[in-house]
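Here is a short briefing on one protein chain. Look over the sequence and the 3D structure before reading on.

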Amino acid sequence: MPNLLKPLLLLAGVVILILIGFAVHWLVGAGLIAALLVYAFFANRSVFYVMKANAAYVQGDLDRALMLHEKAYSLRSRRPQHAIGYAYLLMKAGRPEQAERVLQDTLRAKPPHDIQMQAKSNLATAYWLLDKREEAVRLLEDVHREYKTVTVVGNLGYLKLLAVDPEEALAFNEEAYEYDDNDLTILDNLADRKSTRLNSSHLGIS
């Protein structure tokens, strides 16, 4: 409840101000509403850009999606979860170095714990694509200890399959199968122990 108090007081203050404006003159009230709408748009431009970026990506226009994400990321009002989506698209576009920088900057800002775990999970993918295999596995193992999701388990099993002792990888993927026996990535990891090369599209975003 205390977390809701500040926005509720702010909303009440805005409503009272608008009512006072209309009491003075209807043009004053209308002007206050217009000013509020303009402020809301500029304060949330990053969300607007990300929404357009997501629509472009769904339509298959990766270049436009990246351009719009970059605009959102350049704003001070950017949100950490949007930066993670931006980094994921950078990796899809073959730009893991830039994705690494975006994710490290996001982590330095100390976002909420679940966002940190998602950023670290995707940073592990960037490390792998940059041929930092040990760092990738170690980071994802750290994430797995604190933030066990189907995506994290599946990704870690896949990296272990390629980077560590086959018996260790098999043991982990058998444990992963007990965690979720319906996930396609986990099933693939168990079915194929002879992969020698990472296909970045195999790794999901957490």
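The model is predicted. Its chain has eleven helices and zero strands. Of the 206 residues, 36% are buried.

**Overall make-up**

- From the N terminus, the order of elements reads α-α-α-α-α-α-α-α-α-α-α.
- Take the contacts in the chain with a separation of 6 or more: 48% of them join residues 24 or more positions apart.

**Helix 3**

- Helix 3 covers residues 45-58, which is 14 residues. From first C-alpha to last it reaches 20 Å, close to the 20 Å expected at 1.5 Å a residue.
- Its buried residues are S46, Y49, V50, A53 and A56. Seen down the axis of helix 3, these fall within an arc of 120 degrees, so they line one face of the helix.
- An α-helix has 3.6 residues a turn, so residues three or four places apart point the same way.
- Exposed residues M51 and V58 sit on the face of helix 3 turned away from the buried side.
- The cover over the buried residues of helix 3 includes helix 4 (62-73) and helix 5 (80-92).
- After helix 3 comes G60, with a positive phi near 90 degrees.

**Helix 10**

- Helix 10 runs over residues 166-179 and has 14 residues. Its reach from first C-alpha to last is 20 Å, close to the 20 Å expected at 1.5 Å a residue.
- A169, L170, F172, N173 and A176 are the buried residues of helix 10. Viewed down the axis of helix 10, they fall within an arc of 165 degrees, so they line one face.
- E167 and E178 are exposed, on the face of helix 10 turned away from its buried side.
- Helix 8 (133-146), helix 9 (150-163) and helix 11 (184-191) are among the elements that cover the buried residues of helix 10.

**Helix 6 against helix 7**

- Helix 6 (residues 96-108) and helix 7 (residues 113-129) pack at an angle of about 155 degrees, with axes 9 Å apart. Because angles over 145 degrees count as roughly antiparallel, helix 6 is roughly antiparallel to helix 7.
- The crossing of helix 6 and helix 7 is left-handed.
- Helix 6 makes this contact through P96, E100, L103, Q104 and L107. Helix 7 brings Q116, A119, K120, N122, L123, A126, Y127 and L129.

**Helix 5 against helix 7**

- Helix 5 and helix 7 pack at about 15 degrees, and their axes lie 10 Å apart. Angles under 35 degrees count as roughly parallel, so helix 5 and helix 7 are roughly parallel to each other.
- Helix 5 and helix 7 make a left-handed crossing.
- From helix 5, the residues that meet helix 7 are P80, Q81, I84, Y88 and M91. Their partners in helix 7 are I115, Q118, A119, N122, T125, A126 and L129.

**H69**

- Is H69 buried or exposed? With a relative accessible area of 4%, H69 is buried, because buried means under 20%.
- H69 belongs to helix 4.
- Which residues does H69 contact, leaving aside its neighbours within four places in sequence? They are V50, A53, N54, H82, G85, Y86 and L89.
- Two of these contacts, V50 and A53, are also listed among the buried residues of helix 3.

Notes:
Residues are numbered from 1 along each chain as its sequence is written. This is a predicted model: local features need pLDDT of at least 70, side-chain atom pairs count only at pLDDT 80 or more; totals for chains, interfaces and linings use all residues. Side-chain values use heavy atoms; hydrogens and water are left out. Helices (H or I, at least four residues) and strands (E, at least two) are DSSP runs, numbered from the N terminus. The expected span of a helix is 1.5 Å times one less than its number of residues. Buried means under 20% relative accessible area, exposed over 50%, partly exposed in between (1.4 Å probe, protein chains only). The arc is that of the directions from the helix axis to the C-beta atoms. Contact means heavy atoms within 4.5 Å. Axes are lines fitted to C-alpha atoms, for helices over the stretch in contact, and angles run from 0 to 180 degrees between N-to-C directions. Angles under 35 degrees count as roughly parallel, over 145 as roughly antiparallel, 65 to 115 as roughly perpendicular and the rest as oblique. A crossing is left-handed if the near helix is turned anticlockwise from the far one by less than a right angle, and right-handed if clockwise.
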